[in-house]
Amino acid sequence: MNKFYFLAVTLICFTFATPAQVAPDEALAKLKAGNKRYLSQTFKTKDFAAQREEQKKGQHPYAIILTCADSRVPPEHIFDEDLGQLFVVRVAGNVIDEVTLGSIEYAAEHLHVQLLVVLGHSACGAVKATIEGGDFGKNINVLAGKIKPAVDAAKAQASDKSLVLPLAVEGNVELQAEHCYSESEILQELRHKNEFKVMCGIYRIETGEVVLSEPVMKFEEGHAPGAEPKKEHGAEKHELGKPELKMEKSKETSAVGYQFGSDSQVKGTIFSDGKQYSFQVSSWRNKAKAEREAEKLAKHKDRVFIMPFTHPETRQTWYRVRVGAFPTITDAEKFQSRME
C-alpha cells in the first residue's frame, strides 16, 4: 500500500512540477534573439493550437514586459514570441502604480519570473501630452503626473526643443524602473537574493529595433527613489547632437581616484547618438577633478569631453568624462577592452 501511495505521489509531483526558472541573462538573450528575428522577418514557426493545448496546464512565462498601451507596440510580435512566454502589463506611458506593480509582483513571486523589462517607445503619446501640459481630466492627470519628473528633467537637459520628447521617453523608462524597486518590498527581497532583475528598453517604432540597457540608477533598499542620477543625452559642447542610448555595460571595476557613489554605474558604458559612439571613463562630483582627468586622457587618447549631468530631484551635478566619438561600436568595444 505504501509503495503504491509513494508512486502515485511521485507521479503527481512530476506531472505538476514547476518548469526550471529562466535566469535573467538567459531571458534577456531570448528577447534579443526574438527582436532580431522580427527585424529580419525570419520568424520562428508557431503552432498556436498545440501551444493552447499545452497551456491548459498553466502558464510559465520567462519575462515580464511592462510597456505602453500604444497599439503600435505589441510585445509578442516585436520579440517574435510564442503564446504564454511573456507576462505583459500594458498601460499608457508604461507607468508604475499600485495596480501595475501588483501585476509585476504576482509574476515575480508566484510565477517565478526573474526578468522585468520596462519598455518605452519612440513618439510616445502619453509623454508628448505631458510635455505639452494642460488639464486632461482627473484620471489622465494622475497618469501624466507620474511621467512629469522625467519631462521636467528632459526640458532642463535638452539643448534643442526637438530633443525633449526622446529624452523624456528614455528618462521615463528609467524613472519607472526605479519605482519598481523603491515601491515594492517583494521585488527588493527578490533582488537581494539575486532572483530578480530590471532592464530598460526603448522600442523604435520607425525601425522595429529594441535597445535594451540596465538602469543607470543604483537603488539601495530602504532609500527613496531619485537617489541616483539618470543618464544624460546629447546636450553640451560636444558634437554628439542627438539623444544618446546606452549600448552596453561592462563589469564595474574600481580604479584609483574614481568616486564610487551615486553615478558609479555609468563607468565602463558605451553610449551612442545613433551615428557615433563614446566610452564612459568616470564620473566626478568635482568639476576640477573631472577636467584634470580629461586633460590627462587627452594627451594619449582619442577625443575627450566632459558631459555634465544634474539630477532633477537631488540637483546634484556629476561631471562625466568620456572618450570618443568612435565611428562604430566595434571601435568603441576595442577601446573598452584596452581600458579594462
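When I say two residues touch, or are in contact, I mean heavy atoms within 4.5 Å. Keep that in mind, since contacts come up throughout this talk. One more caution: this is a predicted model.

Let's start with the whole chain. It has 340 residues, and 46% of them are buried. There are 11 helices and 10 strands. The exposed surface comes to about 17500 Å². Carbon and sulfur atoms supply 53% of that surface. Now take the contacts between residues at least 6 apart in sequence. Of these, 69% join residues at least 24 apart.

Where does Ser184 sit? It is in the loop between helix H8, residues 164-182, and helix H9, residues 185-192. Is Ser184 buried or exposed? Its relative accessibility is 0%, so Ser184 counts as buried. Its side chain reaches the backbone nitrogen of Leu187, at 3.0 Å. Setting aside residues up to four places away in sequence, Ser184 touches Leu101, Glu105 and His179.

Take Glu105 from that list. Glu105 belongs to helix H5, residues 98-109. Along the chain, Glu105 and Ser184 are 79 residues apart. Their C-alpha atoms are separated by 8.0 Å. Glu105 has a relative accessible area of 18%. The cut-off for buried is under 20%, so Glu105 is buried. Again leaving out residues up to four places away, Glu105 touches His110, Ser184, Ile186 and Leu187. The side chain of Ser184 reaches its backbone nitrogen, and Glu105 touches it.

Leu187 also takes us to the core. The largest nonpolar core has 39 residues. Which of them touch the most other members? They are Ile64, Leu66, Ile104, Leu116, Val118, Leu187 and Phe196. Helix H8 gives the most to this core, with eight residues.

Val118 is then in contact with several residues, including Leu66, Asn94, Val173, Ala177 and Cys180. Val198, Met199, Cys200 and Gly201 are also among its contacts.

Next, Thr67. Thr67 is in strand S1, residues 63-67. At 0% relative accessibility, Thr67 counts as buried. A polar atom of the Thr67 side chain lies 2.9 Å from the backbone oxygen of Leu119. Leaving aside neighbours within four places, the contacts of Thr67 include Val73, Pro75, Val89 and Arg90. Val91, Asn94 and Leu119 are also in contact with Thr67. Notice Asn94. Thr67 contacts it, and Val118 does too.

Now the aromatic rings. How many aromatic pairs are there? The count is one. The rings of Phe87 and Tyr106 have their centres 6.3 Å apart and their planes at 40°, so the pair is tilted. Phe87 is in strand S2, and Tyr106 is in helix H5. The pair links distant parts of the chain, 19 residues apart. Phe87 is buried, at 15% relative accessibility. Tyr106 is partly exposed, with a relative accessible area of 38%.

Two backbone angles deserve a look. Most residues other than glycine have a negative phi. Asp80 has a positive one, near 45°. Asp80 lies in the loop between helix H4, residues 75-78, and strand S2, residues 86-90. Asp80 counts as buried, at 2% relative accessibility. Ala123 also has a positive phi, about 55°. Ala123 lies in the loop between strand S3, residues 115-121, and helix H6, residues 125-132. With 41% relative accessibility, Ala123 counts as partly exposed.

Last stop, strand S8, residues 277-284. Eight of its eight residues are buried, so S8 is largely enclosed by the rest of the structure. Its partner is strand S10, residues 317-326. Seven bridges join the two strands, which run antiparallel. To find the pairing on screen, go to Tyr277. Tyr277 stands opposite Phe326 in S10.

Note on methods:
Residues are numbered from 1 along each chain as its sequence is written. This is a predicted model: local features need pLDDT of at least 70, side-chain atom pairs count only at pLDDT 80 or more; totals for chains, interfaces and linings use all residues. Side-chain values use heavy atoms; hydrogens and water are left out. Helices (H or I, at least four residues) and strands (E, at least two) are DSSP runs, numbered from the N terminus. Buried means under 20% relative accessible area, exposed over 50%, partly exposed in between (1.4 Å probe, protein chains only). A polar contact is a pair of N or O atoms within 3.5 Å; within protein, one must be able to donate a hydrogen and the other to accept it, and residues adjacent in sequence count only if both atoms are side-chain atoms. Two strands pair if DSSP finds at least two bridges between them. A nonpolar core is a set of buried Ala, Val, Leu, Ile, Met, Phe, Trp, Tyr and Cys residues joined through side-chain atoms within 4.5 Å. Accessible areas come from the Shrake-Rupley method with a 1.4 Å probe; for residues, only the protein chains shown count as cover. Rings of Phe, Tyr and Trp (its six-membered ring) pair if their centres lie within 6.5 Å; planes under 30 degrees apart count as stacked, over 60 as edge-to-face and the rest as tilted.
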